[in-house]
Amino acid sequence: MSASSQAVTAQFNAFDRLAMVRALELAAQGLATTQPNPRVGCVIAAAGQIVGEGWHERAGGSHAEVVALGAAGGATEGATAYVTLEPCSHFGRTPPCADALIAARIARVVYAIEDPNPRVGGAGALRLREAGITVQSGLMACEAEEINVGYLSRMRHRRPWVRIKLAMSLDGRTALANGRSHWITGASARADVQHWRARSSAVLTGIGTVLADDPRLDVRLDAVVRQPLRVVLDRALRIPPDARILAPPGETLLFTAVDAPALRGALERRGARVECLAESSNPLGEVLARLAELEINEVQVEAGPKLAGELLRCGFADELLLYIAPVLLGPQARPLMQLPELTDLAQGRRFALVDTRRVGDDLRLRLRPA
């Protein structure tokens, strides 16, 4: 443990950690609903007892702090608020949470991480301190970062978090040589993918996948609150107007490089949005920057080996969601990704293993570039 980590740890006691664990659990309840806002949980505690808790459910709704203060009722004076993200200090769709905490006579605020939103960025903590409230930060920061990887990426780097979903055989193949791939993985793995789609702000694919598989790429879960934006990279606007990805539910955004009013009109009548991007030496970077402008936090990529490989090659792959099926397809089958040929093993791209889980008969790995 580093000296700075030890200093943070020394600030907090066992109850502080217990309360923040609960706040993180509450924040996770908004995994599929808060887009484009961050996922935030809050716990109000007094005399070693939790007296109120809440979480931010959706944009435009009450923030976690306000919900928790309401649940605590008259027990807020002199209490401690545990929040997974720095309380906001600006008027957006709702009033500032910092003001609500001050009005409730909270004595101490503990938050996990600073909000990198330039409209907050330390201003919330400053307002609380100026009101005489004790403010501490850094408790369970890594866990809080993990819940909001997409929001934090958009605020810090002006692009969404990119998660590439892949399914392969034991020998690293994704489809037979003739293109047939239904289904490499089992029903449990396919159901698991639905939950990852649900937490994503957008699902991105290429025109090759649309033409080959005619996917829907929507979320098919009971009581789904929000459909992610479906994004298709279609340079020459080859998508058929009757493609299933254009059908409800949800919206579809097409990125193209051609100005074709007739084709565009036909697609827009189907409900699609069409945007023409200018020629660029970094087209994928332009797409991701535009998605950030549209307040997209997490992008799940479900595409073929060419687009997946290009995202990895350009340094845009933040995470791989890899399902491995216990089957062999042979050397003629299609590869996982298309990458430049290597001349030395040292040039290989290495990953850190974040999580391993058995899903039905398959194995799910989460990996990030090392």
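Me: How do the residues lining the largest cavity divide into nonpolar, polar and charged?

Reply: Rolling a probe the size of a water molecule over the atoms shows where empty space is left. In this case the lining comprises four nonpolar, nine polar and four charged residues (Ala, Val, Leu, Ile, Met, Phe, Trp, Tyr, Cys and Pro count as nonpolar; Asp, Glu, Lys and Arg as charged; the others as polar). The model is predicted, with local features requiring pLDDT of at least 70 and side-chain atom pairs pLDDT 80 or more, whereas totals for chains, interfaces and linings use all residues. Residues are numbered from 1 along each chain, and side-chain values use heavy atoms, without hydrogens or water.

Me: Which residues lie nearest the centre of the largest cavity?

Reply: A cavity is a set of points on a 1 Å grid over the protein atoms alone where a 1.4 Å probe fits but cannot get out, and lining residues have an atom within 4 Å of a point. Of the 17 lining residues, Thr34, Gln35, Arg39, Arg199 and Asn297 lie nearest the centre. The volume of the largest cavity is about 90 Å³ (the space filled by probe spheres on points joined across faces, edges and corners).

Me: Which residues have the most contacts inside the largest nonpolar core?

Reply: In soluble globular proteins, nonpolar side chains tend to be buried together. Here the core has 40 residues, and Met20, Ile44, Ile106 and Val109 have the most contacts inside it. Helix α2 (residues 14-28) supplies the largest share, six residues. Another core, of 32 residues, lies apart and includes Val162, Ala303, Ala308 and Leu336. A core joins buried Ala, Val, Leu, Ile, Met, Phe, Trp, Tyr and Cys through side-chain atoms within 4.5 Å; buried means under 20% relative accessible area with a 1.4 Å probe, protein chains only; contact means heavy atoms within 4.5 Å; helices are DSSP runs (H or I) of at least four residues, numbered from the N terminus.

Note on methods:
Buried means under 20% relative accessible area, exposed over 50%, partly exposed in between (1.4 Å probe, protein chains only). Helices (H or I, at least four residues) and strands (E, at least two) are DSSP runs, numbered from the N terminus. On a 1 Å grid over the protein atoms alone, a cavity is a set of points where a 1.4 Å probe fits but cannot get out, and a pocket is an open set with protein on both sides within 12 Å along at least five of seven lines; lining residues have an atom within 4 Å of a point.
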